[in-house]
Amino acid sequence: MYDFEFDGLPHAMVRVRLDQGVTGFGEASDGYGFAHPGLLRTIVQDVLAPLLGRPGLVSVPQVAGLLKAELRRRPGLAGPVGHAVSAVEMALWDAVGRRDGLSVRSMLGGHRERLGVYASSHFLFQGDADWHVHHLEPWLARGVSAVKLRLGLDWRTDLATLAQVRDRLGPAVDIFVDGTEHYSLDTALRVSRALADLGVSMFEEPLPQERHLGVQRLVDQSAVAIGYGEHFGMAGDYDRAIRDGRADVLQPDPATSGGLLEMVRIGEIAERAGVPVMPHSAAGPVAFAANLHASSALTTLRLVEFPYSMAEPWHEILDANPFTLEHLDGGAFAVPTGPGLGIEVDEAALAGRSTRVLDIEVPASTAAWTDWSQGNV
Ligand SMILES: [Mg+2]
């Protein structure tokens, strides 16, 4: 595993090596890079690697299913364990795709070749309206149609800045706002009314996500669609959130919520409920590439989050970075088409920055691995 910082944002990646010698990369995210890579390293080494060292890699869905079946009772799949499973599952897709010469998108049945993104931007308190518009303009000029800005604790001042940004951008640009779980229900309702007046079309994570009753009331009463999901666990959490009325928009992330297959399942849950999906993305380029592959299979997909300010150093991680301003066409990125995730991690550049590399060996024996139930006995 690599753990390193680019401009203060720690990333955490794993590399799996199939017994045919093919390697694949995966990345974990705790919602914003990965704050505690050492925690992930321990989980990968102590919990996941011994399981992967057993024979039985027939397919990535089988291995991912068995990992989850093994872990769900002890130590559970919430939080960092789920993030670690996400990274390993992602790396397995990359490795198997490279081994078989297949794009992960095609293996997942993804039907979209290009995906629209929104420009995920800064906290409003970081600058005045001119400053924000200056940073957004290059992306809008490449066809991006939606932006996201973030509210802080002084939300009254932030809303005044947002009103000026709205004036500058005009009505054609969709604006989303992230509340970063700062607010009480009362404040969130007040803010949501102000956002509705400004034509904001999504208010993300206004309350701490575990305040289920408050979130339900907000979803019920807000005139602006409420987004949640970047801190949920596996697909069941998204299903429950929809059933409980705790989200109008789902924001899964394959680096957080259990991997690419889990993301496709979340997409199926969203489709049945008629709920739009706006995938969350706030980590490195491996996680973003995986996000495009998984999102290509989602039927109720709207736009994928593109954290443009975090993406500046990605050229230091990849041999050829396909996620630059120049690669954006009509506000959309192409899903990489090469085998696996279709990106090439510059391992030499990483080695110069990393404190350690952990490779997980994954035997590719087809011997059955069936000594633990998935609730199907
Ligand atoms: Mg967010």
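Into which domains is the protein chain divided? Hi everyone, let's start there. What you see above is a predicted model. The chain splits into domain 1, which covers 2–103 + 342–362, and domain 2, which covers 106–334. If you take the centres of domain 1 and domain 2 over their C-alpha atoms, 25 Å lie between them.

Now, where do the two domains touch? In domain 1, 37 residues are in contact with 31 residues of domain 2. Look at the domain 1 side of that contact: strand 2 (9–18), strand 3 (23–28), helix 2 (60–71), helix 3 (80–100) and helix 12 (347–353) each provide at least two residues. Of these, helix 3 gives the most, with nine residues.

Let's move on to a pair of helices. Find helix 9, residues 235–243, and helix 10, residues 260–273; their axes are 9 Å apart and they pack at an angle of about 15°. Angles under 35 degrees count as roughly parallel, so helix 9 and helix 10 are roughly parallel to each other. Their crossing is right-handed.

Which residues make this contact? From helix 9 we have Ala235, Tyr238, Asp239 and Ile242, and from helix 10 come Glu262, Arg265, Ile266, Ile269 and Ala273. Sort the residues of this helix 9 and helix 10 contact by type, and you get six nonpolar, three charged and no polar ones.

Definitions and conventions: Residues are numbered from 1 along each chain as its sequence is written. This is a predicted model: local features need pLDDT of at least 70, side-chain atom pairs count only at pLDDT 80 or more; totals for chains, interfaces and linings use all residues. Axes are lines fitted to C-alpha atoms, for helices over the stretch in contact, and angles run from 0 to 180 degrees between N-to-C directions. Helices (H or I, at least four residues) and strands (E, at least two) are DSSP runs, numbered from the N terminus. Angles under 35 degrees count as roughly parallel, over 145 as roughly antiparallel, 65 to 115 as roughly perpendicular and the rest as oblique. A crossing is left-handed if the near helix is turned anticlockwise from the far one by less than a right angle, and right-handed if clockwise. Two residues are in contact if their C-beta atoms, placed from the backbone, lie within 7 Å. Ala, Val, Leu, Ile, Met, Phe, Trp, Tyr, Cys and Pro count as nonpolar, Asp, Glu, Lys and Arg as charged, and the others, Gly among them, as polar. Domain bounds come from an automatic or database domain assignment.
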